[in-house]
Amino acid sequence: MNEEGKLTGVSCKSCRATMSPPRPVCSRCLSTDLEWLELPKVGRIVAFSEIHVANDAFQSSVPYVVAIAELGEIKVPGIVKGAEIGQLRVGSNIRVETREASARESSTNDLSQPAYWFRLVS
Amino acid sequence: MRKLAAVASVGMSKIGKRTELNGRELIVEAFLEAWRECRNIDRREIGAIYVGSQSETYEHQIMYGSIVADWLGLLPKGSVRVEGCAAAGALALRLGVIDVLSGLNDVVLVCGLEKMSLRTTSQVTDALMAASDLALEQYNGLTFPSIYAMMATAHMAKYGSREEDLADVAVKNHKNAYHNPKAHLQKLISRDEVLRSKVVAWPLKLYDSSPISDGAAVAIITRPELAKKYSASPTYVIGMGHKGDTIGLYERDDVCWPSAVSEACREAYSMAGIEADDVSLAEVHDAFTINEILNCEAAGFARRGEGHVLLREGQTEIGGKVAVNPSGGLKARGHPVGATGLCQLYELHNQLLGKSGQRQVPGARFGLAINEGGSNSIVATHIISN
């Protein structure tokens with residue numbers, strides 16, 4: 001997640017490997033010549049669950065649905081907002097939504113307010 | 001076959017909610033059992049102490065090795081705490097084997113413990129989340145049950161496994177634990193009870209999940225040529241593996257293939273000069289029921305994608321092709337996280353010596369232990385022989 005509220009990874013200019021979360025070195029070839037990679041805002045679900053028992057930070061949100069989504073070449077996990085478990089399938093399409101920059105700044109220490117999430121699209 | 005090290009003796013506390021004992025007292029309980037099984041041994045011969053423990057969150061106590069050395073009268077011998085989340089126990093064993101194999105010491109003590117029941121379920125959930133990726137998993141509220149649950153939904157979609165298969169892992173392991181007097185959950189359950197139990201992270205329910213346990217386990221490890229001096233009935237470590245994978249489940253090409261488990265099993269088989277088919281006894285990391293199915297595939301007991309088929313055929317029962325988790329596994333024996341790898345050794349050692357009573361696996365020559373930390377992120381395997 002960068003300052004403009006976009007989900008990012010990095011791409012290695014030497015060997016073209018892509019990685020997320022962003023890091024200062026290519027894990028495949030150790031090159032430090034990396035460029036930002038903006039992840040697509042749409043993707044598909046590869047795995048999912050619905051959490052009923054959480055830690056204190058997320059306990060007020062239960063139950064909540066989570067998934068790993070494939071966004072282009074990269075997979076990321078996240079909460080699926082506005083969905084019930086019965087609506088999800090492996091292969092379901094999602095789009096990524098991100099929190100407004102101002103909202104992010106005001107609650108940077110609030111662990112239960114993720115910076116991005118998924119929504120099912122038909 | 002080369003013997004890497006000998007297991008002179010083992011000890012394990014009763015696993016469960018041990019409200020009356022703290023972590024160090026649990027280690028004493030386990031140690032005294034192991035000590036009674038040894039002979040011709042002077043405590044001054046124990047050259048080093050390796051202690052697996054997952055988290056200081058539970059008791060606010062690190063430096064457990066120092067306490068163990070003091071309480072058991074082993075000072076001034078040195079110790080080290082071994083961390084690898086739930087793999088800590090097997091990693092402590094591994095370091096102990098490497099120590100005597102190197103010739104540095106003749107005898108070492110390896111231990112594992114966790115005292116978890118002081119904390120609420122929410123606190124334990126949080127302590128375990130520290131073994132997942134902070135940036136994307138913890139900040140998005142992913143609990144460990146949900147990470148294993150995602151392996152399950154991916155496996156179900158790809159290979160046709162079902163919630164009933166997951167439930168049947170729990171039913172089998174409770175049946176085994178019913179005959180294990182040290183098990184945390186010594187009771188029989190039915191498939192319906194599992195399916196109707198409270199959802200933790202769908203499709204995983206309460207009875208798909210290992211309990212929050214207190215417990216400790218230890219082993220006294222020596223060089224193979226000294227085994228008969230210290231023990232009337234030693235077993236031997238003849239192979240071991242140690243492999244890794246990404247901390248985040250999402251970073252993997254296939255989220256329902258535990259590649260580090262597969263690699264660590266292959267490494268151990270190769271070192272021992274055996275194959276998966278030679279293994280008729282295994283203790284695997286069923287922290288959640290789906291993972292027993294995945295471990296069976298990665299160990300080569302079933303083809304990739306067919307772990308649930310092996311289960312349906314009854315081949316993982318005691319008396320089947322390979323008895324998986326005859327102790328009851330993490331699921332029913334219990335899962336005191338840092339101790340678990342050594343609880344697995346405790347079962348294999350006793351099974352291979354024919355000391356397991358009503359849950360005895362007949363005729364086993366080799367036992368495989370798979371212990372892992374994170375979501376199959378750090379894996380240590382051992383092959384034990386009699």
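These legends describe close-up views of a predicted model.

**View 1. The interface between chain A and chain B.**
Two chains meet here. On one side, 29 residues of chain A take part, and they are in contact with 32 residues of chain B. Together the two chains bury about 2400 Å² between them. Of this area, 65% lies on carbon and sulfur atoms.

Between chain A and chain B the count is 1 salt bridge. Its partners are R23(A) and E251(B). Their closest N and O atoms are 3.7 Å apart. Which elements of chain A give two or more residues to the side that touches chain B? They are β4 (42-51), β5 (64-71) and β6 (74-80). The largest share comes from β4(A), with 6 residues.

**View 2. A nonpolar patch on chain B.**
Three residues make this surface patch: V80(B), L95(B) and I98(B). The patch covers about 210 Å² and is nonpolar. L95(B) sits in helix α3 of chain B, which spans residues 88-102. Is L95(B) buried or partly exposed? L95(B) has a relative accessible area of 35%, so it is partly exposed.

A17(A) lies in a loop of chain A. The loop runs between β1 (8-12) and β2 (18-19). A17(A) counts as buried because its relative accessibility is 8%, and the cut-off for buried is under 20%. Setting aside residues up to four places away in sequence, A17(A) touches V10(A), S11(A), C12(A), C26(A) and R28(A). E35(A) is 18 residues from A17(A) along the chain. The C-alpha atoms of these two residues are separated by 11 Å.

**View 3. S262(B) in a helix of chain B.**
S262(B) belongs to helix α9 of chain B, residues 259-272. Why does S262(B) count as buried? Its relative accessibility is 11%, and buried means under 20%. Which residues is S262(B) in contact with, leaving aside its neighbours within four places in sequence? They are W257(B) and A298(B). S197(B) is 65 residues from S262(B) along the chain. Their C-alpha atoms are separated by 31 Å.

Key: Residues are numbered from 1 along each chain as its sequence is written. Chains are lettered from A and ligands numbered from 1 in the order in which they are written. This is a predicted model: local features need pLDDT of at least 70, side-chain atom pairs count only at pLDDT 80 or more; totals for chains, interfaces and linings use all residues. Side-chain values use heavy atoms; hydrogens and water are left out. Patches are made of residues with over 30% relative accessible area and no salt bridge: like charges are joined within 9 Å, nonpolar side chains (Val, Leu, Ile, Met, Phe, Trp, Tyr) within 5 Å. Accessible areas come from the Shrake-Rupley method with a 1.4 Å probe; for residues, only the protein chains shown count as cover. A salt bridge is a side-chain nitrogen of Lys or Arg within 4 Å of a carboxyl oxygen of Asp or Glu. Helices (H or I, at least four residues) and strands (E, at least two) are DSSP runs, numbered from the N terminus. Buried means under 20% relative accessible area, exposed over 50%, partly exposed in between (1.4 Å probe, protein chains only). Contact means heavy atoms within 4.5 Å. Buried area is the accessible area (1.4 Å probe) that two parts lose on being put together, summed over both.
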